[in-house]
Amino acid sequence: DTLILYCRGGFEKECAAEICATAVRLGAPGYARAAADSAYVSFHLHDPATLPRLLERLRWRELVFARQLIFAAPQVTGLPAGDRIGPLLAVAAALGGPFSEVWLETADTNEAKELSTFLKKFDKPFRLALHGAGKLGDGPALPRLHAFFIDSATAYLGYSLPDQASPWPMGIPRLRMPRAAPSRSTLKLEEAFLEFVGGPQAAERLRAGQTAVDLGAAPGGWTWQLVQRQIHVTAVDNGPMDPALMASGLVEHLRADGFRFRPQRPVDWLVCDMVEQPARIAALVADWGAGRLCREAMFNLKLPMKKRYEEVERCRALIEQRLAGVGIEARLRFKQLYHDREEVTGHLRVLGPR
Ligand code: SAM
């Protein structure tokens, strides 16, 4: 009857508010526990009988602040240093299985990272024990087992469902910073493409010869991701663009105001990383969508210090209402990506007139 959600440290309140509101909407209410800066939230159902409903209806991808979603047994405490495996195997037996694999994890905090040596040592014997107990099987459709350690004597054991969970350990994609990219921001767009466009359709939706506009482009980390894919980019920013990137011949740099600029012809992609009020960015994206000026848009909302969950929902409503008002069908999703800081990434896909 417990859900564990990993999140960015400092965003526990947002993650908790979101899962509580979502669970109520799905008819499986409960309460959340979230210690400040712990980088995870636990959610507990008021009525365990509503778990099947939650399992069936909760969509990990629709959650903005959760990096990972695990259905867990109650916390295991007091694991003896001499035999941690015994009690954990008993919980694994109660969870069912078999599982496709097991991941030993901690929260994404500096304190929790100090457990990494212990986890490395514990991984092999625990894996062997699970194997011996028939808990590890073959097949990508099987749930994945997670052992989430709070400290070396305290852990949650739970599982995630394929298609309803992050495919990365700890919910963190380890992307390598490309040496030629002009800024670290490039990793944000790379992760966003993996998250929102990844899968079989990626090659079709991001391909050579397409056109894009990058608002707030300088020095060019996002433009670089597009140019890597041989996409033609209009880079709008008063600041200077990286000369090596400009030498690709695929970029036109316009020193103009990103809020006023509109393309003469519709483009395939709008990307926007301008630092501005979230509602102003949302209104801009809605305007591009309503005018069918792009097929897809990837944009960042830099969140205020307070009411951050409410702010995302306000921006979501603003875009949805604007598009519905002009009869446009679209998909809109937000996620706080690993490479996002005090911000979330939004993705809009314009499908067509209703
Ligand atoms: N995505 C870029 C990258 O990967 O290198 C970094 C963008 S940086 C976070 C934000 C940029 O937005 C700045 O270069 C700033 O000049 C630009 N900017 C802010 N307001 C703008 C506006 N109204 N019009 C155009 N650019 C703007």
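This is a predicted model: local features need pLDDT of at least 70, side-chain atom pairs count only at pLDDT 80 or more; totals for chains, interfaces and linings use all residues.
Helices and strands here are runs assigned by DSSP, a helix having at least four residues and a strand at least two, and both are numbered from the N terminus.

Proline 219 sits in the loop that links strand S8 (211-215) to H8. The peptide bond joining alanine 218 to proline 219 is cis, and its omega is about 0°. Another cis bond runs from glycine 97 to proline 98, with omega near 5°. Proline 98 belongs to the loop between H3 and strand S5 (102-105).

Beyond H8 there is one more residue to look for. Glutamine 230 lies in the loop between H8 and strand S9 (232-236). Although glutamine 230 is not a glycine, its phi is positive, at about 60°. Why point these out? Most residues other than glycine have a negative phi, and most peptide bonds are trans.

| Helix pair | Crossing angle | Axis distance |
|---|---|---|
| H6 and H8 | about 50° | 7 Å apart |
| H3 and H5 | roughly 45° | within 11 Å |
| H10 and H11 | roughly 20° | within 9 Å |

Let us begin with H6 and helix H8 (residues 221-228), whose axes meet at an angle of about 50°. H6 and H8 are therefore oblique to each other. The crossing of H6 past H8 is right-handed. On the H6 side, the contact uses Thr186, Lys188, Leu189, Glu190 and Phe193, while H8 brings Gly221, Trp222, Trp224, Gln225 and Leu226. By class, the residues of this contact are five nonpolar, three polar and two charged.

Next come helix H3 (residues 85-95) and helix H5 (residues 116-132), crossing at roughly 45°. That angle makes H3 oblique to H5. H3, too, passes H5 in a right-handed crossing. Here Ile85, Leu88, Leu89 and Ala92 of H3 touch Phe122, Pro125, Phe126, Ala129 and Leu130 of H5. Which classes do the residues of the contact of H3 with H5 divide into? There are nine nonpolar residues, no polar and no charged.

The remaining pair is helix H10 (residues 278-290) with helix H11 (residues 308-325). An angle under 35 degrees counts as roughly parallel, and the crossing of roughly 20° therefore makes H10 roughly parallel to H11. H10 passes H11 in a right-handed crossing. From H10, the residues in contact include Pro278, Ala279, Ala282 and Ala283, and among those they meet in H11 are Glu311, Arg314, Cys315 and Leu318. The contact of H10 with H11 divides into eleven nonpolar, one polar and four charged residues.

**The largest pocket**

Now for some empty space. Rolling a probe the size of a water molecule over the atoms shows where such space is left. What volume does the largest pocket have? The value is about 830 Å³.

The lining of the largest pocket takes in 38 residues, and those nearest its centre are Trp60, Arg61, Leu194, Glu195 and Arg333. Helix H6 (186-196), strand S13 (328-335) and strand S14 (343-353) are the elements that each give two or more residues to this lining.

Methods. Residues are numbered from 1 along each chain as its sequence is written. Side-chain values use heavy atoms; hydrogens and water are left out. On a 1 Å grid over the protein atoms alone, a cavity is a set of points where a 1.4 Å probe fits but cannot get out, and a pocket is an open set with protein on both sides within 12 Å along at least five of seven lines; lining residues have an atom within 4 Å of a point. Grid points are joined across faces, edges and corners, and a volume is the space filled by probe spheres set on the points. Axes are lines fitted to C-alpha atoms, for helices over the stretch in contact, and angles run from 0 to 180 degrees between N-to-C directions. Angles under 35 degrees count as roughly parallel, over 145 as roughly antiparallel, 65 to 115 as roughly perpendicular and the rest as oblique. A crossing is left-handed if the near helix is turned anticlockwise from the far one by less than a right angle, and right-handed if clockwise. Contact means heavy atoms within 4.5 Å. Ala, Val, Leu, Ile, Met, Phe, Trp, Tyr, Cys and Pro count as nonpolar, Asp, Glu, Lys and Arg as charged, and the others, Gly among them, as polar.
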